[in-house]
Amino acid sequence: MIGSRLSQLFIMIFVLSFLTFLLMKITPGDPIRSILKVDDVSVTTEKEEQLKKEYGFDEPILKQYGEWIINVVQFDLGESLISKKPVSELILERLPATLALAMGGLTVLFLISIPLGVVSALYENRWPDYISRWFALVGASIPSFWLGLLLMYFFSLKLQWLPMMGRGTFAHFVLPSFTLGIAMAPIYITLLRERLITILESPYIEAAKARGISKRRILFFHALRGSLIPLITMFGLSLGSLLGGLSVIEILFSWPGMGELIVQGVTQRDYPLIQGFIIVIGFLIVLTNLLVDLLYMVINPQVQQGKEARV
Amino acid sequence: MKESLLSIQNLSIKTKDDQILLKEINLELNRGEMVALIGESGSGKSITARTVQGLLASNMMVIGHVFYQDMNLLALDKSNHHQLLGSEIGSIFQDYRGSFTPYIKVGKQMVETIRSHYSIGKKEARELSLHVLEEIHLDSKQIFHSYPFQLSGGQVQRVAIGLALALRPKLLICDEITTALDVMTGEAVLNAIEKVRKETGCAVLFITHDLVQAYKRADHIYVMQNGRIVEEGSPEQIRCEHQHPYTKKLCSCLLSLPGENHLQTYQGAQSI
Amino acid sequence: MKNKQNLSMLLGIVLTSILAIIFLLGSFFGTQDPFYINMANRLSSSSAHHLLGTDHMGRDIFARIVYGAKLTIGLGLLIILLAMCIGLPIGLLSGYIGGKVDAFFMRVIDGILAFPDFILAIAIAGILGPSLTNIVIAIVLVKWIVYARVVRGLVLEEKQKEFVLASRLSYSSTFHTIRLHIIPQIFSEIVVMAAIDIGKIILLISSFSYIGIGAQAPLPEWGAMLNEGRSFFQVHPSLMLYPGIAILLTVLCCNLLGDGLKGYFKTGKRRNLL
């Protein structure tokens, strides 16, 4: 099961990178010209030919791609067209910041969505539930960057409690993490609520009550555990939007992460950077999916045992 | 001397939409007795059980009295009522798939149950669990480390019975526990119940639609139909001197039991 | 649950109507040109002339918001329609024909689905250049899959049901019966999905525009407006306020309507893509 998923994902990365590679070659906006323009050198045919040779652009496409793949495997992702630094260096520089923000956002997500989801399910159709559901509804309608702006406005500008941008102290960490967490929360709250309500109505929960197990214990050890599974699945599926959210928030708060980097790369048409980014992110996503699958197996023993024949 | 354990008096239950679920139920259960509650699905027997267990949905209108020893269960608030569950009033359910939480190992759930009632350590609880499993003739080590979905229906029921053995409740409610099992396994399960009764002296409220089982094992039988008790008596009385037409229908399905002289003809295939 | 969904429907209709009226009135009776630059009047506050004030180039904010509404909502609808035009037929055919064709499509779809939409948008924007058109293409390319998947699932379900009937009916009428049954089933599911999806798409477009890889200035797309207003945040915060509110209210409408429609069609829990 994992094997086929892995291979599927890897194929996808390479197909995507190859297509990127291909399209790069056939679209307008010649990279050679843009390099020359950046270097503020006048564009002449000889200079063009020279650079083409330098960058190996005059060789057959497949050969170029092949060379590129070999480089990739050795962790050489080429050089940024704009800054001339190695792409891998640029990305690695920024990776920790993005990971930190991701962790922060996920923590906030946890801290918000689990209590709200639980409260919502326990007090179904009473006022805590309504508040929770309206929060989820509005939260799902609000653009994350605007939310960040609002928070920034109040907490940085007006109240001056927290710094507005950049990375440095823990205080810098707070607003971006919160924004990310709140942006992601609504869908998990809704999901958790639905799932928990269904579980709490199941016969085995009633049986646990009949055995005399305390309601608190039932909630935390029996019900909650069962409802984690769809949450994890959801998480695996929403890695893409996590990435999008990260980028947007990084730009907003001038957080020096990969999102900021890649957007710059796109606006500047820095192809090696874009390609390198796709590969790295693709790889990270494969890794995360693997972790999610493993986690899934741990939590759901039925998968583990493959629903064995009866003892 | 007979000592009243459970006394249900004039219990009536209506739903919010005025649908009558139970009408004037009267039922007596003494210490150590096995009382059978027979009826088809929808006759109200499970609802009666749920009322005793305090697991009724909250939007029901309940009148009457349900005395457990000398406590009126209906007058208790939910948490006090729930405190009785497990240690005083034990339950075994029909849906064996729904008796234990599917993704937690059986042993862990047994230990959890035991420790919810006795303040003993994990080790001792484990010992006790293994012990009762052995008593019910199950392979204790294997069962202890299995998940509920890895066990057969009969095994799950017997684990639940084992817990009853460990907790020693005074009243054991068995709600259609053999319905989903084949005859042989069902017999094994019922024998295990007998064993628990002998060892702990508990009373059993045995809910079933199978008259044969009731006849064989119960001290007293109540017959329910449409939320009412239509007949009650000792097994012989029910068998031979029944008055109500419904009881007649039920009995007509009984094949003659071994050791009997007179044969009962069964009129038409009336499935219960 | 029913209660909340009815409330959502009501609120959704009310809010949508209010917004629609504002946008339509502004569009037909608005006196200001959303692109007219007037540096003398930059960063002014609300006045009779400029309902919501002017931005850093002296352009009327209200006019720009109204224009942005046409842009955003129009694009949202366009994307949904395109996605459906591609996805629905493929899903229908795939499910109906079944067998190898179906298996092939599912492999392709699963492969693409595994890849996040953001990456694809980056890739396309990176290659073709950042622009609104390209982002639209990127989003359509990812969205059609979802619709194809849902439709295929529905078709398979109906096929199973009809299979029993099929053994009694003649072969040709099976075809028609399926057609007759599937369309109403699909309709309710798809409409609910689409309503909520439009909201998501609006958020996507504005997010991409905000970070600069979607709509470019001077287009008054709401996300782009927020991007432009960034530098003036401290001085004239209303530049950030109004476009954001516009996005919030519009997406809220979509979600409310979608939620309400869910209750109306009594769909919901069954169709879980998880």
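Reply: In this predicted model, Ala203(B), Leu205(B) and Ile207(B) point one way from strand 8 of chain B, while Val204(B), Phe206(B) and Thr208(B) point the other way, and all are buried. Residues are numbered from 1 along each chain as its sequence is written, and chains are lettered from A in the order in which they are written. Local features need pLDDT of at least 70, side-chain atom pairs count only at pLDDT 80 or more, and totals for chains, interfaces and linings use all residues.

Me: What makes strand 8 of chain B mostly covered?

Reply: A residue is buried if 20 or more other C-beta atoms, placed from the backbone, lie within 10 Å of its own; six of the six residues of this strand (203-208) are buried, so it is called mostly covered.

Me: How do you know that strand 3 of chain B and strand 8 of chain B pair?

Reply: Two strands (DSSP runs of E, at least two residues) pair if DSSP finds at least two bridges between them. Strand 3 (residues 34-38) and strand 8 of chain B have five bridges in the parallel sense, and therefore they pair; the bridge partner of Ala36(B) is Phe206(B). Strand 7 (residues 171-175) of chain B is also joined to strand 8 by five bridges and runs parallel to it, with Ile173(B) opposite Leu205(B).

Me: Why is the crossover from strand 7 to strand 8 of chain B called right-handed?

Reply: The word applies because, with the strands pointing away from the viewer, the path from the first strand over the helix to the second runs clockwise; here the chain crosses through helix 7 (residues 183-200) of chain B.

Terms used
Buried ≥ 20, exposed ≤ 12 C-beta atoms within 10 Å, placed from the backbone. Helix = DSSP H or I, 4+ residues; strand = E, 2+ residues; numbered from the N terminus.
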